[in-house]
Amino acid sequence: MSSAGQGSSGRLTTHVLDTTSGQPGAGLAVELFRLDGDARRPLARLTTNDDGRTPEPLLAGTDLVCGSYELVFHVGEYFRGRGVPLSDPAFLDQVPVRFGIADPARHYHVPLLVSPYGYSTYRGS
(Lines give C-alpha, C1' and ligand atoms only; values in the text may rest on other atoms or scores of the structure.)
Protein backbone atom coordinates (compact mmCIF):
# COMPACT_ATOMS: atom_id res chain seq x y z
CA MET A 1 0.00 0.00 0.00
CA SER A 2 1.35 3.45 -0.84
CA SER A 3 1.90 6.08 1.82
CA ALA A 4 -0.97 8.11 0.31
CA GLY A 5 -3.29 5.16 0.87
CA GLN A 6 -1.99 4.70 4.39
CA GLY A 7 -2.70 8.37 5.19
CA SER A 8 -6.38 7.84 4.46
CA SER A 9 -6.77 5.68 7.59
CA GLY A 10 -5.28 8.17 10.06
CA ARG A 11 -7.27 10.53 12.22
CA LEU A 12 -6.94 13.06 15.03
CA THR A 13 -9.45 12.98 17.88
CA THR A 14 -9.83 14.52 21.32
CA HIS A 15 -12.03 14.40 24.37
CA VAL A 16 -12.32 16.40 27.57
CA LEU A 17 -12.92 15.20 31.12
CA ASP A 18 -13.97 17.77 33.72
CA THR A 19 -12.06 16.50 36.77
CA THR A 20 -13.95 18.93 39.03
CA SER A 21 -17.23 17.08 38.45
CA GLY A 22 -15.86 13.76 37.20
CA GLN A 23 -18.04 14.18 34.10
CA PRO A 24 -17.31 14.58 30.38
CA GLY A 25 -16.55 18.17 29.39
CA ALA A 26 -19.68 18.66 27.27
CA GLY A 27 -20.10 21.90 25.35
CA LEU A 28 -16.43 22.92 25.42
CA ALA A 29 -15.06 24.78 22.37
CA VAL A 30 -11.90 23.35 20.81
CA GLU A 31 -9.82 24.95 18.05
CA LEU A 32 -7.22 23.22 15.89
CA PHE A 33 -4.30 25.00 14.24
CA ARG A 34 -1.50 23.82 11.97
CA LEU A 35 1.85 25.35 12.93
CA ASP A 36 4.28 26.45 10.26
CA GLY A 37 7.19 28.27 11.88
CA ASP A 38 5.64 31.25 13.67
CA ALA A 39 2.41 31.00 11.68
CA ARG A 40 -0.76 29.37 13.09
CA ARG A 41 -3.23 28.35 10.41
CA PRO A 42 -6.77 27.63 11.72
CA LEU A 43 -8.12 24.27 10.59
CA ALA A 44 -11.20 23.59 12.70
CA ARG A 45 -13.38 24.81 15.56
CA LEU A 46 -15.68 22.26 17.14
CA THR A 47 -17.64 21.87 20.36
CA THR A 48 -17.57 18.71 22.44
CA ASN A 49 -20.73 16.61 22.66
CA ASP A 50 -22.41 15.10 25.74
CA ASP A 51 -19.61 12.52 25.93
CA GLY A 52 -16.94 15.26 25.97
CA ARG A 53 -15.81 14.30 22.45
CA THR A 54 -15.92 16.20 19.21
CA PRO A 55 -18.72 14.88 16.99
CA GLU A 56 -16.22 13.98 14.29
CA PRO A 57 -12.44 13.64 14.03
CA LEU A 58 -10.61 16.96 13.99
CA LEU A 59 -8.65 15.71 11.00
CA ALA A 60 -8.94 12.48 9.03
CA GLY A 61 -7.73 10.82 5.86
CA THR A 62 -5.68 12.91 3.49
CA ASP A 63 -6.24 16.05 5.62
CA LEU A 64 -4.02 14.50 8.33
CA VAL A 65 -0.43 15.19 7.33
CA CYS A 66 2.93 15.18 9.10
CA GLY A 67 3.63 18.35 10.98
CA SER A 68 3.14 20.38 14.12
CA TYR A 69 -0.32 21.23 15.46
CA GLU A 70 -1.96 23.05 18.34
CA LEU A 71 -5.27 22.36 20.03
CA VAL A 72 -6.74 25.24 22.06
CA PHE A 73 -9.32 24.23 24.65
CA HIS A 74 -11.58 27.11 25.80
CA VAL A 75 -11.83 25.99 29.42
CA GLY A 76 -12.55 29.38 31.04
CA GLU A 77 -15.63 29.84 28.89
CA TYR A 78 -16.68 26.26 29.68
CA PHE A 79 -16.38 26.66 33.48
CA ARG A 80 -18.05 30.09 33.46
CA GLY A 81 -20.96 28.55 31.54
CA ARG A 82 -21.38 26.01 34.35
CA GLY A 83 -21.43 28.67 37.06
CA VAL A 84 -18.01 27.72 38.44
CA PRO A 85 -16.57 30.77 40.25
CA LEU A 86 -13.32 31.83 38.57
CA SER A 87 -10.85 34.55 39.40
CA ASP A 88 -10.65 37.56 37.08
CA PRO A 89 -8.67 36.85 35.04
CA ALA A 90 -9.20 33.10 35.25
CA PHE A 91 -6.14 31.06 36.19
CA LEU A 92 -6.79 28.88 33.12
CA ASP A 93 -8.75 30.45 30.28
CA GLN A 94 -7.47 28.86 27.10
CA VAL A 95 -5.32 25.74 27.31
CA PRO A 96 -3.02 25.23 24.29
CA VAL A 97 -1.58 21.79 23.61
CA ARG A 98 1.14 21.57 20.94
CA PHE A 99 1.99 18.21 19.45
CA GLY A 100 3.42 16.58 16.34
CA ILE A 101 2.00 14.15 13.81
CA ALA A 102 4.83 11.92 12.59
CA ASP A 103 2.79 9.15 10.93
CA PRO A 104 -0.47 10.26 9.29
CA ALA A 105 -1.56 6.64 8.89
CA ARG A 106 -1.99 6.35 12.68
CA HIS A 107 -4.71 7.44 15.09
CA TYR A 108 -3.63 10.38 17.26
CA HIS A 109 -5.86 11.00 20.28
CA VAL A 110 -5.18 14.04 22.49
CA PRO A 111 -7.40 14.04 25.59
CA LEU A 112 -7.58 16.81 28.16
CA LEU A 113 -8.31 16.30 31.86
CA VAL A 114 -9.11 19.71 33.29
CA SER A 115 -10.23 21.68 36.35
CA PRO A 116 -10.19 25.47 36.82
CA TYR A 117 -6.68 25.20 38.32
CA GLY A 118 -4.91 22.38 36.50
CA TYR A 119 -4.86 20.08 33.50
CA SER A 120 -3.06 17.12 31.99
CA THR A 121 -2.90 15.49 28.61
CA TYR A 122 -1.29 12.47 27.01
CA ARG A 123 -1.24 10.55 23.75
CA GLY A 124 -4.29 8.37 24.03
CA SER A 125 -5.60 5.60 21.85
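I count two strands as paired if DSSP finds at least two bridges between them. The model is predicted.

Entry: the antiparallel sheet. I started with β7 (residues 67-74) and β8. They run antiparallel, joined by 8 bridges. I then traced the whole sheet. This open sheet has 4 strands, ordered β5-β4-β7-β8, with antiparallel pairing. I noted β5 (39-47) and β8 (94-101) as the edge strands, each pairing on one side only. From one strand to the next, I read an average twist of 25°.

Entry: the mixed sheet. I found an open sheet of 4 strands with mixed pairing, in the order β3-β2-β10-β11. Its edge strands are β3 (23-24) and β11 (118-121), and each pairs on one side only. I checked β2 (residues 16-18) against β3: the pairing is antiparallel, over 2 bridges. There, Leu17 stands opposite Pro24 in β3.

Entry: the core. Which residues touch the most other members of the largest nonpolar core? I got Leu12, Leu32, Leu71, Phe73, Val75 and Phe99, out of 24 residues in that core. I listed the elements that give two or more residues to this core: β4 (29-36), β7, α2 (75-81), β8 and β10 (112-115). The most comes from β8, with 4 residues.

Entry: Leu12. I left aside its neighbours within four places in sequence. Leu12 is then in contact with Leu32, Pro57, Leu58, Leu59, Leu64, Phe99, Tyr108 and Val110. Of these, I note that Leu32 and Phe99 are also among the core residues that touch the most other members.

How values were computed: Residues are numbered from 1 along each chain as its sequence is written. This is a predicted model: local features need pLDDT of at least 70, side-chain atom pairs count only at pLDDT 80 or more; totals for chains, interfaces and linings use all residues. Side-chain values use heavy atoms; hydrogens and water are left out. Axes are lines fitted to C-alpha atoms, for helices over the stretch in contact, and angles run from 0 to 180 degrees between N-to-C directions. A nonpolar core is a set of buried Ala, Val, Leu, Ile, Met, Phe, Trp, Tyr and Cys residues joined through side-chain atoms within 4.5 Å. Buried means under 20% relative accessible area, exposed over 50%, partly exposed in between (1.4 Å probe, protein chains only). Contact means heavy atoms within 4.5 Å.
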